[in-house]
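User: I am new to this structure. Please walk me through it in short steps.

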Amino acid sequence: MTIIAAYSFPNHCSARIIEDVNRLLSQLGRVRKRLPIDTFMVLILLTVAVAALLPARGAAAVDVSHLTTLAIGVLFFLYGVRLSPREAVAGLRHWRLHSTVLLATFVLFPLLGLAAQWIPRSVLPHQLALGVLFLCCLPSTVQSSIAFTSVAKGNVPAAICAASLSNLVGIVVTPLLVGLLMSAHGGISGRAVLDVALQLLAPFVLGQLLRRWLADWVTRQHRMLAVVDRGSILLVVYTAFSAAVAAGLWHQLSLASLGLLAVTDAVLLGVVLAVTSLVPRWLGFSRADRITILFCGSKKSLASGLPMAGVLFAGQGVGLLVLPLMLFHQIQLMVCASLAGRYARRTEARVVTAAVVPGVAAVEDGAGRGAAGTGKTLGVPSNA
């Protein structure tokens, strides 16, 4: 930010300009740190740009496709090694919270995805509408759900269990939902669902079986595994958009359609956030549990969705089908980052109020006393 000041200029006016520019750059730097821009999303957009300029064609496309299939298998094998079924089973003791999250993820979202199919094709093209339905069938995220719950002072142990359980269930339920709902709209064949069992479920189950021997090693190799995770997903994105560009993606998608898709994703997220905010309150959950339900029940996993799309929609124009998910991912990060900060500030204000007037902050939380509301499910402090 101060590089410009290193140059010498002959007059005071130039020096003042330099100071103003440096001040502006410093302010922009602070704004950049506050903005919830996902670095990985930037890498994905760069990958899309590379695919647009240098798409894989002919024999190269076949080789990249085989490499992508292998990468997806490795990715889900590692998911199987890392996800602890013991934690998910232990978390079932707070079944009301987890049932609410699963209902939001695998019932509410798909119903809204089906409703989106009624949008006129002149507004939302068929492939994009199917992409919205596909993202509605996906499991919740793990990392961002837990991170936002922690920032918002929610029930972190319950969030760990809920997000892990959602992904375990999603390995089986998502392909079934996609096959059931999208086959009726011409989006997928029954054969693709069987391919999932071979390319996704089999590596995942193998990872679960070998977990007792590999889990510690995998935990120690977190940096290398992060490269494998992100590299696999970027490879899926490149393969998908290379095929889409070769099929004439930019002739099929207009800026107006892209804008309307962003609006559709925003409305979808807004409806789910409203439901996952109001319904848990009506059901009497504690404040910490309501925060957990809000952030775990409103997310959709880009990390799981892109590889699944690569398998489920092979040869069907994956680029357009995953575009709603990519937009939704960035929108959910920005919106939920803002919500998490707001919840955190409210919690801090309530703590201050409780210090001045003892017992005030306990009134609301006492309405939803529950097992996981205490944060004891995994022996992790609720404000971890």
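Analyst: Start with residue classes: Ala, Val, Leu, Ile, Met, Phe, Trp, Tyr, Cys and Pro count as nonpolar, Asp, Glu, Lys and Arg as charged, and the others, Gly among them, as polar. This is a predicted model, where local features need pLDDT of at least 70, side-chain atom pairs count only at pLDDT 80 or more, and totals for chains, interfaces and linings use all residues. Residues are numbered from 1 along each chain as its sequence is written, and side-chain values use heavy atoms, without hydrogens and water.

User: By class, what does the lining of the largest pocket have?

Analyst: A pocket is an open set of points on a 1 Å grid over the protein atoms alone, where a 1.4 Å probe fits, with protein on both sides within 12 Å along at least five of seven lines; lining residues have an atom within 4 Å of a point. The lining counts 36 residues, and Arg-82, Val-142, Gln-143, Asp-229 and Ala-303 lie nearest the centre. By class, it has 17 nonpolar, twelve polar and seven charged residues.

User: Which helix gives the most to the lining of the largest pocket?

Analyst: Helices are DSSP runs of H or I with at least four residues, numbered from the N terminus. Several supply at least two lining residues each, including H3 (58-82), H8 (156-182) and H16 (318-356). The one that gives the most, with six residues, is H11.

User: At which residue does H8 bend?

Analyst: A straight helix of 27 residues would span 39 Å at 1.5 Å a residue, but H8 spans only 34 Å between its end C-alpha atoms. The expected span is 1.5 Å times one less than the number of residues. A bend is the angle between axes fitted to the seven residues ending at a residue and the seven starting there. In H8 that angle is about 50 degrees, at Gly-170.

User: How many of the residues of H8 are buried?

Analyst: Buried means under 20% relative accessible area, with a 1.4 Å probe and protein chains only. H8 is mostly covered. The buried count, out of 27 residues, is 21.

User: Is Pro-324 buried or exposed?

Analyst: Pro-324 sits in helix H16. Phe-134 is 190 residues away in sequence, yet the two C-alpha atoms are 8.8 Å apart. The relative accessible area of Pro-324 is 0%, so Pro-324 is buried.

User: How far apart in space are Thr-47 and Tyr-238?

Analyst: Thr-47 belongs to helix H2 (residues 39-53). At 13% relative accessibility, Thr-47 counts as buried. Thr-47 and Tyr-238 are 191 residues apart in sequence; in space, C-alpha to C-alpha, they are apart by 5.9 Å.

Technical notes. Buried means under 20% relative accessible area, exposed over 50%, partly exposed in between (1.4 Å probe, protein chains only).
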